[in-house]
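Here is a short briefing on one protein chain. Look over the sequence and the structure, then read on.

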Amino acid sequence: MNWPVAVTTALILSIPSHAQSETSLPKLDSPMTADVQCLVAIMETREKIDRLMPGVSQGLVMYYFGKLDGRNPNLDLETMIRDVSHKMSSTDIGAADMRCGRQLTKRGLYLSTIGQHLMNNPDGPSK
């Protein structure tokens, strides 16, 4: 199984069956809030994710930490995680897992494509 598919599978399988709808999530007020929701969802389901793919949750957390840090290196991340996590129900966490899993799959496929292009033609398309 390739990495993007494996990550999505792990996230989807970690979600309780009653929680697989995005409609329960509160309206996102910013991309930063959306990323913090992903971070919270991964932290909440990390045991299930790592049971399917050991150690993957740590990489996923670092991915979202990198996105957040890139947007605002001075962000009080601890406070934001606390604020967002207190507003998320188990249904919200499941919905965030679905949304974030789709995002991770899209980015993973993009990276796989780049890797294939670089392997097939390391000198670039014009050479």
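The buried residues of helix 4 pack against helix 2 (31–52) and helix 3 (56–71). Contact means heavy atoms within 4.5 Å. This is a predicted model, where local features need pLDDT of at least 70, side-chain atom pairs count only at pLDDT 80 or more, and totals for chains, interfaces and linings use all residues. Numbering starts from 1 along each chain as its sequence is written, and side-chain values use heavy atoms, with hydrogens and water left out.

**Helix 4**
- Leu-77, Met-80, Ile-81 and Val-84 are buried in helix 4 (residues 77–87). Buried means under 20% relative accessible area (1.4 Å probe, protein chains only).
- These residues lie on the same side of helix 4, because they cover an arc of only 100° around the axis. The arc is taken from the directions from the helix axis to the C-beta atoms.

**Helix 2 and helix 5**
- The axes of helix 2 and helix 5 (residues 90–120) come within 8 Å and cross at roughly 110°. Axes are lines fitted to C-alpha atoms over the stretch in contact, with angles from 0 to 180 degrees between N-to-C directions.
- That makes the two helices roughly perpendicular, a term for angles of 65 to 115 degrees.

**Whole chain**
- The protein chain has five helices and zero strands. Helices are DSSP runs (H or I, at least four residues), strands likewise (E, at least two), numbered from the N terminus.
- Buried residues make up 38% of the 127 residues.

Definitions and conventions
Buried means under 20% relative accessible area, exposed over 50%, partly exposed in between (1.4 Å probe, protein chains only). Angles under 35 degrees count as roughly parallel, over 145 as roughly antiparallel, 65 to 115 as roughly perpendicular and the rest as oblique.
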